[in-house]
Amino acid sequence: MTLASEIDQRRREIRTDGYSMSIGEWVSLYEKDELDIHPEFQRFYRWSDTQKTNLIESILLGIPLPPIFVNQRKDGVWDVVDGLQRLSTIFQLLGILKDEKNKLVNPLVLQSTKYLPSLLGMQWNDPKTPSNSLSNEMQLTIKRSKLAVSIILKESDVNAKYDLFQRLNTGGSELSPQEVRNCLLLMLNKKMYEWLKSLSQYSAFRNTISLSDRTLEEAYDIELALRFIILFNIDENGLQGLGDIGVFVTDRMTEMANNKRFPYKKVEETFKQTFDMLEQMCGEDSFKRYNKTKKKHEGGFLLSQFEVVGMGLGHNIQNGTSIVKTSITKTIMSIWSDTRFTEWSRSGVNASSRVRRLVPLGRTLFKK
């Protein structure tokens, strides 16, 4: 197939439309449940009140905003693919924004801005202090302001909205890679997202990975649980030719989400057995560097050690290998004298090359 034919085919798979709509029209769609802004996504977006106020300032000053991307579902409802935070901010200002439990979110109180310092303390409507309410003229200015919409029509390829969401929310995004995946997974398979999240909160798992608050805020615990599920029992042939690890994890997650026969129970049992065993034998030292000179574990969580220890142990548990618990600690300490590990876990090694070698190594070490 030529490049021209590939372009022609893909263009035909994605049908779009676009025009401008007043904010008042967006509000009407939201209030009639004809617009799904995915309130469960709000936990992943961390706009401050200052950032929200800057958006309102832009609207009041007539500064053009980027278009909102939506996907038209079969029932006619628009799924917001990109622009959730902008729309959420506007709806919160008007006091109509609801959270994932369908409860109203506290109305937005505006902050001072560079060009409109008098916005400080202003609200859409403050019944207690009317002077803090935006004037009728300002409210009408906001309601009549227009936001462009780009619509992925329902006739498009079923994966178009997921591909677009990923393209728009990676690279310079305020979201971490796993937060983008979480949103994708919520759109693809909410049951799997909730299941994955519950695994990431399993006490033995959290105690062994021992992450910082910052990495937890970025959903790194969920990413580690996902990596374990994808890699612990993967066919080694599937590791060959492995490209960008982030893309690989996202693609495999998508396959899992679309697999109606995914073995939730079996995978969960292996996950819990693995981290129960590690917590019992090594605790928070499970994935920390072992200092041979000082004869103790030190430092923070190491992904390379997780790939060898966690996935190697998990693979053998899944496949019925008899594990001697007392040997686990010795095996973990021994990898720091094993050149097969130290060579491929050192700084500067490409992530995909590291995974291709360390995952099989872990299987070998824990099979003894």
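**View 1. Tyrosine 115 in the loop between α4 and α5.** Tyrosine 115 is placed in the loop between α4 (84–93) and α5 (136–144); helices (H or I, at least four residues) and strands (E, at least two) are DSSP runs numbered from the N terminus. The model is predicted: local features need pLDDT of at least 70, side-chain atom pairs count only at pLDDT 80 or more, and totals for chains, interfaces and linings use all residues. Residues are numbered from 1 along each chain as its sequence is written, and side-chain values use heavy atoms, with hydrogens and water left out. With a relative accessible area of 57%, tyrosine 115 is exposed; buried means under 20% relative accessible area, exposed over 50%, and partly exposed in between (1.4 Å probe, protein chains only). Together, Leu61, Ile63 and Tyr115 make a nonpolar surface patch of about 320 Å². Patches are made of residues with over 30% relative accessible area and no salt bridge, with like charges joined within 9 Å and nonpolar side chains (Val, Leu, Ile, Met, Phe, Trp, Tyr) within 5 Å. A salt bridge is a side-chain nitrogen of Lys or Arg within 4 Å of a carboxyl oxygen of Asp or Glu, and accessible areas come from the Shrake-Rupley method with a 1.4 Å probe, for which only the protein chains shown count as cover of residues.

**View 2. Aromatic pair of tryptophan 195 and phenylalanine 262.** The whole structure holds 18 aromatic pairs; rings of Phe, Tyr and Trp (its six-membered ring) pair if their centres lie within 6.5 Å, and planes under 30 degrees apart count as stacked, over 60 as edge-to-face and the rest as tilted. Tryptophan 195 and phenylalanine 262 form an edge-to-face pair, at 5.6 Å centre to centre and 75° between the planes. This pair links distant parts of the chain, 67 residues apart: tryptophan 195 belongs to helix α8 (residues 190–200), and phenylalanine 262 to the loop between α12 (245–257) and α13 (264–281). Both partners are buried, tryptophan 195 with a relative accessible area of 10% and phenylalanine 262 with 11%.

**View 3. Aromatic pair of phenylalanine 228 and phenylalanine 271.** The ring centres of phenylalanine 228 and phenylalanine 271 are 5.5 Å apart and their planes stand at 85°, so the pair is edge-to-face. Because phenylalanine 228 lies in helix α11 (residues 220–231) and phenylalanine 271 in helix α13, the pair ties together parts that are 43 residues apart in sequence. Phenylalanine 228 is buried at 0% relative accessibility, and phenylalanine 271 is buried with a relative accessible area of 0%. One aromatic cluster is formed by Phe205, Tyr220, Phe228, Phe232, Phe271, Phe275, Phe287, Phe301 and Phe306.

**View 4. Charges over aromatic rings.** The charged end of lysine 191 sits over the ring of tyrosine 264, 4.4 Å from its centre. Over the ring of tryptophan 344 sits the charged end of arginine 357, 3.9 Å from the ring centre. A charge sits over a ring if NZ of Lys or CZ of Arg is within 6 Å of the ring centre and within 35 degrees of the ring normal.

**View 5. Leucine 361 in helix α17.** Leucine 361 lies in helix α17 (residues 351–365) and is buried, with a relative accessible area of 7%. Its C-alpha atom is separated by 6.5 Å from that of valine 308, 53 residues apart along the chain.

**View 6. Positive phi at asparagine 102 and lysine 295.** Asparagine 102, in the loop between α4 and α5, has phi near 65°, a positive value in a residue other than glycine. Asparagine 102 counts as exposed at 56% relative accessibility. Lysine 295 lies in the loop between β6 (289–291) and β7 (296–298), with phi near 55°, and is exposed with a relative accessible area of 66%.
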